[in-house]
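Have a go at each task before you read its solution.

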Amino acid sequence: MADAKATERRRTARRATRAPRDEAAEPAIAPKRNVNDTLAAALGCEIIAGLHPPGSRLPNEASLLVRFGVSRPTLREAFRALEAKGLIVSRQKVGTLVRPKADWHMLDADFLAWHMRAAPTEVFISDVLQLRRIFEPQAAGLAAENRDAAALSRIESAYLDMEAHKSGDAELIAADVRFHKGILDASRNRLLGALGSLIEMALIGTFKMGWRSLAIKDDRLLQHRDVMLAIIDRDAETARAAMAKLLKESADDVRRALAADRGGSAARTG
C-alpha cells in the first residue's frame with residue numbers, strides 16, 4: 001500500500017514538471033448574457049453600491065424604460081431576477097422597494113459578481129476569505145476520502161496550468177479557480193460544490209482590490225501542491241492542515257497587498 005502511494009506521488013511530481021498541455025484553461029468569467037441579465041446586473045450593482053438604499057423605492061417603470069431603452073417585459077424579467085436574489089420586493093400601491101441587507105442572498109453567484117463589481121470593499125473581501133478558511137479545509141479532507149480518478153485528473157490539470165502561468169496572466173486565475181472548485185467537487189458534497197462561485201469571486205476580487213500583479217508566490221504554489229498530494233494519498237488530516245495553511249498565508253498576502261496599496265494611495269494624495 002505504501003509503495004503504491006509512493007509510486008503515485010512520484011508520478012504526480014513528474015507530471016508537475018512537464019510542459020503544460022495546449023488545452024486552454026476554462027475562463028474565470030461567465031459567458032455573455034442576454035439583455036434581461038444585463039439589466040438585472042445594472043440594477044443589482046446600483047442597489048449594492050447604495051444608489052438605492054434598503055427601504056427606498058426604485059424609480060418607476062416609465063423612467064427605467066426610458067433610461068435603459070428596454071421593453072416592459074424585459075424590465076419585469078429583470079425585476080423577477082432581483083426578487084429571486086432577495087434584493088427587491090414589489091407591493092401594490094407602493095411600488096418596488098429595496099429589501100433590507102439581511103434578506104439579500106449573499107452567496108448567490110450573480111450577487112457575488114455584482115458585489116465585486118459595485119462595492120469590492122476590504123471588509124467584504126475579508127469576510128469572503130474568512131468564510132473560505134471555515135469550509136475549504138474540511139472540503140479538502142472530504143476530497144481526500146472521496147476522490148476518484150476523474151476528480152484527481154481535474155485537480156492535477158488545474159495545478160499544472162497554475163504552474164505554467166505562475167508568472168502571472170489571466171489564465172492563472174482561471175487555473176486557481178479550477179483547482180479549488182475541483183477539490184469542492186471531489187468532496188462529493190453537492191452543497192460544498194455550490195460554493196465554487198464564492199472562491200471565484202474571492203480570487204477575482206482580491207486582484208481588483210489592490211494586487212499589482214497576478215503572479216503567484218512559489219511557496220503558495222507549493223502549498224497548492226501539498227494539498228493535491230495529500231488528496232492523492234487519501235490523507236484527510238494532512239489535506240485539511242495543508243489547505244488551512246494555504247488559505248491563512250494567502251489571506252495574509254492579501255492583507256499586506258491591501259495595506260501597501262493604502263500606503264501608496266496616501267503617499268500619492270499627499
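Buried means under 20% relative accessible area, exposed means over 50%, and partly exposed is in between. Keep in mind that you're looking at a predicted model.

**Exercise 1.** Find out whether Asp253 is buried or exposed, and work out which residue it meets in a salt bridge.

*Solution.* Start with accessibility: Asp253 has 10%. The cut-off for buried is under 20%, so Asp253 counts as buried. Next, look for its partner: the side chain of Asp253 meets that of Lys217, with N to O at 3.1 Å. Now place the two: Asp253 sits in helix H12 (residues 236-269), while Lys217 is in the loop between H10 and H11, 36 residues apart. Lys217 is partly exposed, at 43% relative accessibility. Finally, zoom out: shared partners join Lys217, Asp219, Arg220, Glu249, Asp253 and Arg256 into one salt-bridge network.

**Exercise 2.** Which parts of the chain does the pair Lys181 and Glu200 tie together?

*Solution.* First check the contact: the closest N and O atoms of Lys181 and Glu200 are 3.2 Å apart, in a salt bridge. Then locate each end: Lys181 lies in helix H8 (residues 170-186) and Glu200 in helix H10 (residues 196-208), so the pair ties together parts 19 residues apart in sequence. As for accessibility, Lys181 is partly exposed at 29%, whereas Glu200 is buried at 11%.

**Exercise 3.** Compare the reach of helix H11 with its expected span.

*Solution.* Count the residues: H11 (218-232) has 15. From first C-alpha to last, H11 reaches 21 Å, close to the 21 Å expected at 1.5 Å a residue.

Key
Residues are numbered from 1 along each chain as its sequence is written. This is a predicted model: local features need pLDDT of at least 70, side-chain atom pairs count only at pLDDT 80 or more; totals for chains, interfaces and linings use all residues. Side-chain values use heavy atoms; hydrogens and water are left out. Helices (H or I, at least four residues) and strands (E, at least two) are DSSP runs, numbered from the N terminus. The expected span of a helix is 1.5 Å times one less than its number of residues. A salt bridge is a side-chain nitrogen of Lys or Arg within 4 Å of a carboxyl oxygen of Asp or Glu. Buried means under 20% relative accessible area, exposed over 50%, partly exposed in between (1.4 Å probe, protein chains only).
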